[in-house]
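Please read this briefing alongside the sequence and the coordinates shown below. The points after the lead sentences are grouped by topic.

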Amino acid sequence: MKRLTITVPKALVIILFCVAVAHGATHPIRVLLLDGESAGTYHNWQVTTPILKKELEETGLFEVTVATAPHADGDFSNFKPEFSRYQVVVSNLDSADWPPELRSEFEQYIHNGGGFVAVHAADNAFPNWPAYNQMIGIGGWRGRTETAGPRWYFKDGKLVSDPTPGRAGAHGARLPFQIVVRDPEHPIMKGLPPVWMHAPDELYGTLRGPGENMTVLATAHSDPQNKGTGNDEPMLMVLKYGTGRIFHTAMGHDAAALSGVGFITTFQRGTEWAATGKVTQKAPAGFPTAETVSYRVDIAEMDPDFRRGQTGTRTPAANALQPPLK
Ligand code: ZN
């Protein structure tokens, strides 16, 4: 009888262990997608958030919950995201500030190993929050100057920091531009071509920040003929904050930019990497070449302005993509 009482719990333990393993293998990565306040209307998160959500969920790897933050001077009493319930927080939020308690909760979540992905508008956010700026490495606008840190860019193939005083954040007209991979062995970049064309987007330059624990995965040349800096500007970065992993993409202004196959691939991979430290996704078919934009019409058309652009007067972004007119 004694033998039986020992055997049964052992069997139970084995069964429970097997269930736990199977559960872990199939359960999607939990993502909290933050959006909300933007300066003016130029970062239209009402359009771009559903696109980012779709791009993650269509991989079958992610389950996305959206949380819309109040305006910086709004009422935060009902905005209490439980960060620890998620493996990664993706930010499409360009906000001026957060209350101290909320900042502290987010800092602890990332410091203790949470994942974070900052997309385009998110590097405009929170100029006066030191920990946030350490997480994103570099940012622009909202009054940032040399006190935010030096400018970071590539010169002669190397990352340099430039302490020249001045404002932070600039871009030219939204045109397609080439992405140059700087760290081809990083899991997010592995197997992608060394140079590829991004869909029309704002090419951010003169971004400033602490740049600590930052690895630049890819850059883009900022063309002086399009109000550019003449430097190779960081476009994709990974950073560490405590034990947390951060992926920062400076790309993704609007639906046209988010429809680029290079953006989609690095966003999907970067989010998986920030959550788990690994990338299981293969490069998709139809990846852009060094000379040709490759974009998803179904994504671009999630923007009502883009759809109108194809039937009537084209938006500049729609013109640059040159889709077939319907
Ligand atoms: Zn923008």
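Ile179 stands opposite Trp196 in β8, and strand β7 (residues 175–181) is joined to β8 by 5 bridges, the two running antiparallel; strands count as paired if DSSP finds at least two bridges between them. This is a predicted model, in which local features need pLDDT of at least 70 and side-chain atom pairs count only at pLDDT 80 or more, while totals for chains, interfaces and linings use all residues. Residues are numbered from 1 along each chain as its sequence is written, and side-chain values use heavy atoms, with hydrogens and water left out.

**Strand β8 and His198**
- Because 6 of the 7 residues of β8 are buried, this strand is largely enclosed by the rest of the structure; strands (E, at least two residues) and helices (H or I, at least four) are DSSP runs numbered from the N terminus.
- His198 lies in strand β8 and, at 1% relative accessibility, counts as buried, a term that means under 20% relative accessible area, with exposed over 50% and partly exposed in between (1.4 Å probe, protein chains only).
- The side chains of His198 and Asp201 are joined by a polar contact of 2.8 Å, that is, a pair of N or O atoms within 3.5 Å, of which, within protein, one must be able to donate a hydrogen and the other to accept it, and residues adjacent in sequence count only if both atoms are side-chain atoms.
- Not counting residues up to four places away in sequence, His198 touches Pro176, Phe177, Ile179, Met251, Ala257, Phe263 and Val293, where contact means heavy atoms within 4.5 Å.

**Zinc site**
- The zinc ion is coordinated at 2.1 Å by His43 (NE2), His120 (NE2), Glu202 (OE) and His253 (ND1); donors are N, O and S atoms within 2.8 Å of the metal (3.2 Å for Na, K and Ca), and water is not among the atoms, so sites may look incomplete.
- His43 lies in the loop between β1 (29–36) and α2 (45–57) and Glu202 in the loop between β8 (195–201) and β9 (214–221), so the pair ties together parts that are 159 residues apart in sequence.
- Both His43 and Glu202 are buried.

**Strand β2 and Phe62**
- Phe62 is found in strand β2 (residues 62–69) and counts as buried at 5% relative accessibility.
- Phe62 and Val31 are 31 residues apart in sequence, with a C-alpha to C-alpha separation of 6.6 Å in space.
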